[in-house]
Amino acid sequence: MPKAEPTAKTKRRRLFQFGGHSELSLLAVLAVLVGLLAGVGTVAFHWLLGNGLLGRGDEILLRLADGREWSIPAHGAGATWWGVALVLALPPAGLLLAVLLVRLLGRGEHGHGVAGIMEAVALRGGRIRLWPALARILASLSTIAAGGSAGTVDPSVHIGATLASWLGQRLHFSERRLRVLVACGTAAGVASAFNAPIAGVFFAQEIILGEFTTTAFGLVVLSSVTASVIGRILRGEHPAFGIPAYTLRSPWEMFLYLGLGLLAGLISALYARGLLGVESLFDRWKGPFLLRTLLGGLVVGLTGWAFPRLLGVGYGSMDRLLQGERLAWGLLLLLMLLKPLLTAVTLSSGGSGGVFAPSLFIGCLLGSAYGQLANRFFPQVSAPAPAYALVGMGAVLAGAVHCPITAILLLFEMTHDYHVILPIMLSVVVSTLLSQRLSPRSVYTERMARRGLDIRFGRDVNVMEMITVEEAMGQDFDAVPPDMSLPELGILFEQSAHHGFPVVDGGGRLIGVVTLSDYRRALESGRLGTVADVCTCNPVVVHPEQSLNDALHLMASWDVGRLPVVPREDSSRIVGLLRRHDVIRAYNKGLARRLEIAHQVQQMQVASYRQGELFTLELPSGAAGAGLLVKDLRFPAGTIVVSVQRGERALIPRGDTRLQVGDLLAVMVQDGAGAARVRELLLEGKGLPRGRETRYGEYELPPSAPAVGRPIAQLGLPRDSLLVSVKRAGRTTIAYPELLLQAGDQVVVFAEEEDIPLVEHCLLGECPAPGPEVGLRNLLLLVDGSETGWAALEQALSLAAAVEGTIHGLCLLEGRLEQHGQAVLAELQRRCQQRGVDCFGSLPPGPWVEALDRHDLSEDLVMLPAWVCRRDQGQVLQQLLPRTDLPVWVAAGEPRVLGRLLAAYDGGAAAGRALRLAAQMALALRIPLDVLGVPGQDGEYSELLQRARAILSLYGLEATCLQREGPSLEQVVLAVQERDSDLVLLGVHRHGSLYRPRFARTLDALLCRTERSWLLCR
């Protein structure tokens, strides 16, 4: 018996048990290996960046990695035309190369640098795709070497994280281990880039993992130390910047550093918002993307020509400022404003790189200008300007990235001086707090939030943090006036179950709070006054927008059982009362909301896994989708509404969710065309009357379900459907293709409404077969008196007679006399009466295309003679199909009664509709049906025929399934001739295997070669 191949799980178990070593030992070895690889990769990346365009002071240089430099005469009195041309041409060329690399290798994938790693760790279990990551790294090299204003830290981090993820995926690691390994690669990238191993460790824990664990910390330290050692061996012992030693000159100087922290917090918040604002402007670009890239590169070149210090990363300019170079503070402020704008233009126009290093540059400029002003007005207590430049670097970095620990440790490792750590800590913390107040998301998470991804939901969140005081407070509460006597208060306590009341005067103003304890103390002391004499004035209050977690802390700190709720703008007006039992009741709401957030995480994970496009759309005033339910919106197939951001709250979109003006929707679509259709649907209302509807289906699999024991990939679900999640034993998991379904699983499926019966049949096997009734009851027939026109009528009569339908004849004049039209209509009435079919006709004036526009197209089928298509070379169909979602019947050949049907099926949505229509017609006419498998480039005959049989089984049909070699026109013609089919049903779509965008030529060839009728379904 041949020996079975070990599975990936068995290989992984053997790997962890190799040599008797524990799992932790093996992970430690891999962490060292990741640090080694990341250190070498980062050093190689920075060596390659030694070649390129950069600015040094007011001089523009072209530098090579071997140390040679050439000054470009593009600025000043010695400027030449070729020097200016070179400076203006290199940035557009570098950005253009970066865009082409990302589009060719990266497939336009979202998320690069640190933001991409955060998304991969939070939503994809640390899985980073190799080729898109490699494309981004090479694109960053092209962007920065050409003078683009972007940072090197993000690409360095991406190198380490990608190597770690690739290694972990090759070893089939679980998501938990893979996340830790990616964090090791991230720390190695930072450590190697700055020669700062401690900062690398805390950057990985603080930004990438978002939590501190003992096991992960030890492994990350190993990787970071290894990368730092490799960097020092290959690049030397020197730190990233040469910084002289500084000391705190006076304790009063801490107030100056406090002011610097406040300014840095404001600047970092503006920096984060400015990046996204410029990116939004570029996203509205409607022209060719290459032109956008070239214009962005030209802006970079012009700005760099005017201010050479802004070219490239700017490490040289930062180093000179830290060494004591003095520039006019006005110039420093101008450069500080231009640097974030230039970075935004570089990245938004298609360039790649990071935003970490530009924040250091901005902080250095801010601190240098602030230090010069401090030296001028407070010379006795202020340190030299470079000290403020150093502190400003850390403060702006912490405010922009929200990484205070990393910023403090990074500057400490860069200075190796403990004396400067106190001002650094103060400024960094103040900047972070202010920046988080002004902009709750960092420069990384804000970009992901615009795409509907919020990684905060992927981490454990306090239940009480999810509920606001306004949601839990009671608005119907009893209050007492301050002049109420104590005996009256005692009676109120006896009659009510409350142990305290707010004290409110006649004008509705809050005076205080009186409790049962206050009343008892007054009785014990013998005082018999009023409530105003015993109540607690100026009580502890909360605001409606605060979280219940804040309210609980106040209750515990002050040992009170109730808190008046007052608005921030008027603390004397009480709007509610929060009691302990209100908090307990709201806890259940918090648990439900946490489950909603867990479901949203699954939605974001699905969106991150899929190779589609995720975009955000805000519903403005007057949007057609505002006020409608999600279930009533007929989105394109394969569309998922991931989340709905309404104010500060993220909603889980369900079928009964009603959209409102101002809602920010994160929508997953298959491609750019789908995004355009969704925008037209929600903003302009195009497609609301007609179109395909999508629905969510939630099912629990019984033990007898056919899906039990089968992987998701083999269920035979319709192509445009998506099995979103599987809930098993209370835990929701991603529905990956190899997942075996089990009895009791609760699955959520997203599919078109018409595909729901097939989905239920594939999952449950309990879908009842429909009756013989067919939907084609009203037939619109275009008649003109020609032979093919009467052939179309004969076929329409056979169908109408079977289904007891009605024919509406629309006479085509096209320049003929009206008397001829009346004769045609009379002949139409006569033939219909002979067959017992109800019929009425009309003779509209003008060309038939305009007549169709005036017609409401409320019929179920449009039939027309083939000669119209041949005469107009297919233009009729191209004009007709966009006007209606109805099937179109093209009649050809001699008049015949329908006796055999053929449906060509390629697995697409349009072909599925054609196959369902063929099944209904076969049932109604009691005639045989053949199914021809027409696979596309990635299709298989067995899979296609399995899907076709599943669809036909819904109707109780056992149709003949044919298969031919190749999706060619000749094979379809051969099948028609061999089976002697009278009618062929086809699905028309843009990217099908049979019908290309020029489908009319194909149809014309089929009509000429088969003399059969063809029915087209969109």
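Biologist: Which residue in E6 is the bridge partner of glycine 512?

Modeller: Cysteine 537 is the bridge partner of glycine 512 in E6. This is a predicted model, in which local features need pLDDT of at least 70 and side-chain atom pairs count only at pLDDT 80 or more, while totals for chains, interfaces and linings use all residues. Residues are numbered from 1 along each chain as its sequence is written, and side-chain values use heavy atoms, with hydrogens and water left out.

Biologist: What makes strand E5 and E6 a pair?

Modeller: Strand E5 (residues 510-515) and E6 are joined over two bridges in the antiparallel sense. Two strands pair if DSSP finds at least two bridges between them, so two bridges meet the rule. The elements themselves are DSSP runs numbered from the N terminus: helices (H or I) have at least four residues and strands (E) at least two.

Biologist: Why are E4 and E6 said to stand at the edges?

Modeller: The sheet is open, with three strands in the order E4-E5-E6 and antiparallel pairing. Strand E4 (500-504) and strand E6 (536-537) each have a single partner strand, so one side of each has no neighbour in the sheet.

Biologist: Which helix packs on the sheet, touching E4 and E5?

Modeller: Helix H20 (residues 486-495) does, and its direction makes about 135° with that of E4. Touching is a matter of contact, meaning heavy atoms within 4.5 Å. The angle, on a scale from 0 to 180 degrees between N-to-C directions, is taken between lines fitted to C-alpha atoms, for helices over the stretch in contact. Helix H21 (residues 516-525) lies across E5 and E6, at about 70° to E5.

Biologist: What makes Leu33 and Ile233 part of a nonpolar patch?

Modeller: Patch residues have over 30% relative accessible area and no salt bridge; nonpolar side chains (Val, Leu, Ile, Met, Phe, Trp, Tyr) are joined within 5 Å, like charges within 9 Å. Leu33 and Ile233 are among the residues of this surface patch, which has about 660 Å² of accessible area together, found by the Shrake-Rupley method with a 1.4 Å probe and only the protein chains shown as cover. Helix H2 (23-48) and helix H9 (214-235) are the elements that give two or more residues to the patch.

Biologist: Is isoleucine 233 buried or exposed?

Modeller: Isoleucine 233, in helix H9, has a relative accessible area of 62%. Buried means under 20%, exposed over 50%, and partly exposed in between (1.4 Å probe, protein chains only). Since 62% is over 50%, isoleucine 233 is exposed.

Biologist: Why do arginine 728 and aspartate 745 count as a salt bridge?

Modeller: A salt bridge needs a side-chain nitrogen of Lys or Arg within 4 Å of a carboxyl oxygen of Asp or Glu. The N to O distance here is 2.7 Å, so the pair meets that limit. Arginine 728 sits in strand E14 (residues 722-728), and aspartate 745 in the loop between strand E15 (731-734) and strand E16 (746-752), 17 residues apart. Arginine 728 is partly exposed at 26%, whereas aspartate 745 is buried at 1%.

Biologist: How do you know that arginine 830 forms a salt bridge with glutamate 827?

Modeller: Their closest N and O atoms are 2.4 Å apart, so they are within the limit. Both lie in helix H28 (residues 818-835), three residues apart, about one turn of the helix. Glutamate 827 also forms a salt bridge with arginine 831, at 2.9 Å.

Biologist: How many salt bridges does the structure hold?

Modeller: The structure holds nine.
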